[in-house]
Amino acid sequence: MPEKKEKFYLTTPIYYTNGLPHIGHTYTTVVADVIRRYKRMRGYDVVMTTGTDEHGVNVERAAKKAGVPESEYVAKMADAWRALWDELGIPADEFIRTTDLKHVRTVQWLFKLCRENGYVYKGHYTGQYCIYDNAFVNDAKPGDNCPDCGRPLETVTEENYFFKLSSFQKPLLDFYKKNPEFIQPDTRRNEIISFVEGGLKDLSITRTTIRWGIPVPGEEPHVFYVWFDALTAYLSAVGGPEYEKRGLWPADLHLVGKDIIRFHTVYWPAFLMAAMLPVPKQVWAHGWFLMDAAKMSKSKGNVVLPRPIVNMLGMDALRYFLLRDVVFGQDGNFSYDALVTRYNSDLANGLGNLASRTAALIEKNFAGKIPKPGALKPQDEVLAKEAQNAIGEVLENFDKLSFARALETIWTVIAAADKYLTSEQPWALGNSEADQSRKATVLWTTAELLRIVTALSFPVLPDSATKVWTLLGQSVVLGKFELDGLRWGQLGPGTSLGKSQTLFPRVDKTEAIERIESMANEELNPTPAAPAPAASAPTATGASAAAATAPAVSDKIGIEDFAKVEMRVGQIKTAERIVGADKLLKLTVDIGTEIRQICAGIAQYYEPESLIGRKVAVVVNLAPRKLRGVESNGMIVAASVGPEGRPVLTAFLEEVEVGARLK
Ligand code: MSP
């Protein structure tokens, strides 16, 4: 019988639906995904929950502004959040929405347990409330602004149900003492302990002024206050009242930003203790990503979006940067400059270069098969030792969630391998038996090192590590590879190298930043765009989208409508691929009166060189637009063929003059 795997249940916060994810939210979710992948490679059965926090005044107001019912508004937003996580390759195992019925039932059940155990009573509350953060601000006076977001507080008096948080001062302090790992990092634990030592006030957990919330059964118009509702989502996601069946509760790790640590380490364990339910094992609070030293928020207009970065540099680059540049737990500044610098130095010149160099040398010298090493020299052994030692160090750092350290160790080994190759110069060795044997040793050593760093970096770089793993001819699925079995010396001579794929093409920093910013701008301030025509569409599906919106056959247009489209013969002067846009080519086209830059979605079907000098039909009076951050001023006409909409460019059978109008 196979041994049953140990479970590991981790969560991200459930995010508010009054905005879309920025880099701050992406950070928490990326970290959760890295831990999920890492723990799986250490043999755990891992479940990760994320979701959306959908109740409260903010949503009421946003829905009203949008002119739709709250339920419709949140459904759309929850879809958008879920879709973005999917698109970024970090989908949840469990995605919980606080409007899910199973969540509603869990919150009502938790309340019932707390009440039955004598920890809930009815009273009145007057306080200063921040409607943006959904929190009363203790010690604030009327007229004060919110200490977190700086916006005006509102005075609120209402009948509430209260939770007897004051009864939990001692149980919580005892719990922290018995479980010193519960609050991480240590500095946060100390903060929370002094906060609890200072005394706990009872907590209002229902509202009568809010309509959009989970009803307190038999006590309408009371609805649950946001934190009693939101925190419970972690439990609803894995069984709620039937949590024992699923066997995942208590959570092993709640990942949160430092802004919400108090709710997770004071309120949440107290609610659970009151209901006599198991308390989570650990809450880890990370710092904030700051933009110009301020917390990112849409209201401040300083948000960084994940999608443009991913389009330009790839998801792995973003993941690497988020984890490498900031010590987990501390605040960090986000800058595009630092991001692109890291990308070029560590990914393009570091891992990417080592992989392509090693593979090319093995291809050339050993017909694409991993060579058998000969006698070892001291420098080979030094490198082997360094890589072997790195394994333990990296695992230890991943265990402590010291991601920056783990990556630093991996990249130190990569740098050592680079240096080793440069000094051993296998390319300069001849064909004598001794030289061949030396070449084999050096290349096997480098490839083995590459295998080790690839396995270790998989949790952070899942796409690119998989590519390198395939390149090294490894057949085990990397995400399922058990890191506990990773040792120096396992790379089998004779293994055929696999397919080589683009890893991290170098980018020009200024151009990359310009394009990321321009894509972010497009996303934040979308302009209603005309349906994307075939050849200028960034994806082949753009063609079918255009077809789908084309007028029905009976909707004939008049000649005057057709005359609005100015089409001319153009000649392609230059053509190049665009980093971060697999389907697009950037062309310069002579249209007779001027040379235009035009993007065309034909990169998968036409080699850039084959297009130079070719004459094509061009729509020249289209409004300019940006595709993946690159300006496109016109459209190349192409037929859209087959179910995939393969573009086929126009051609002229007779000589035509550049600039001639198509009528
Ligand atoms: N809905 C509550 C959480 C309820 S959990 C039971 C909430 N939502 S939120 O949308 O505001 O997301 C907060 C979380 O997003 C933070 O705790 C943090 O994990 C992440 N971040 C939001 N902005 C951030 C930065 N600028 N930097 C890093 N992480 C940040 O609070």
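Me: In what sense do strand 13 (residues 289-291) and strand 15 pair, and what makes them a pair?

Reply: Strand 13 and strand 15 run parallel where they pair, over two bridges; since two strands pair if DSSP finds at least two bridges between them, the pair meets that definition. Strands here are DSSP runs (E, at least two residues) and helices are runs of H or I with at least four residues, numbered from the N terminus. Within this pair, phenylalanine 289 stands opposite glycine 332 in strand 15. This is a predicted model, in which local features need pLDDT of at least 70 and side-chain atom pairs count only at pLDDT 80 or more, while totals for chains, interfaces and linings use all residues. Residues are numbered from 1 along each chain as its sequence is written, and side-chain values use heavy atoms, with hydrogens and water left out.

Me: Why are strand 14 (294-295) and strand 15 (332-333) called edge strands?

Reply: The open sheet of three strands has the order 14-13-15, with mixed pairing, and strand 14 and strand 15 are its edge strands because each pairs on one side only.

Me: How do you know how helix 11 (residues 306-313) and helix 12 (residues 315-324) pack?

Reply: Two packed helices are described by the angle between their axes and the distance between the axes. For helix 11 and helix 12 the angle is about 115 degrees and the axes are 7 Å apart, where axes are lines fitted to C-alpha atoms over the stretch in contact and angles run from 0 to 180 degrees between N-to-C directions. Pro306, Ile309, Val310 and Leu313 in helix 11 meet Met315, Ala317 and Leu318 in helix 12, contact meaning heavy atoms within 4.5 Å. The residues of this contact divide into seven nonpolar, no polar and no charged; Ala, Val, Leu, Ile, Met, Phe, Trp, Tyr, Cys and Pro count as nonpolar, Asp, Glu, Lys and Arg as charged, and the others, Gly among them, as polar.

Me: What makes the largest cavity a cavity, and which residues lie nearest its centre?

Reply: On a 1 Å grid over the protein atoms alone, a cavity is a set of points where a 1.4 Å probe fits but cannot get out, and lining residues have an atom within 4 Å of a point. The largest cavity holds about 60 Å³ of space, and of its 13 lining residues Gly56, Ile210, Phe224, Tyr225 and Val226 lie nearest its centre. Its lining divides into eight nonpolar, four polar and one charged, and strand 10 (223-224) and helix 7 (226-231) each supply at least two of the lining residues.

Key:
On a 1 Å grid over the protein atoms alone, a cavity is a set of points where a 1.4 Å probe fits but cannot get out, and a pocket is an open set with protein on both sides within 12 Å along at least five of seven lines; lining residues have an atom within 4 Å of a point. Grid points are joined across faces, edges and corners, and a volume is the space filled by probe spheres set on the points.
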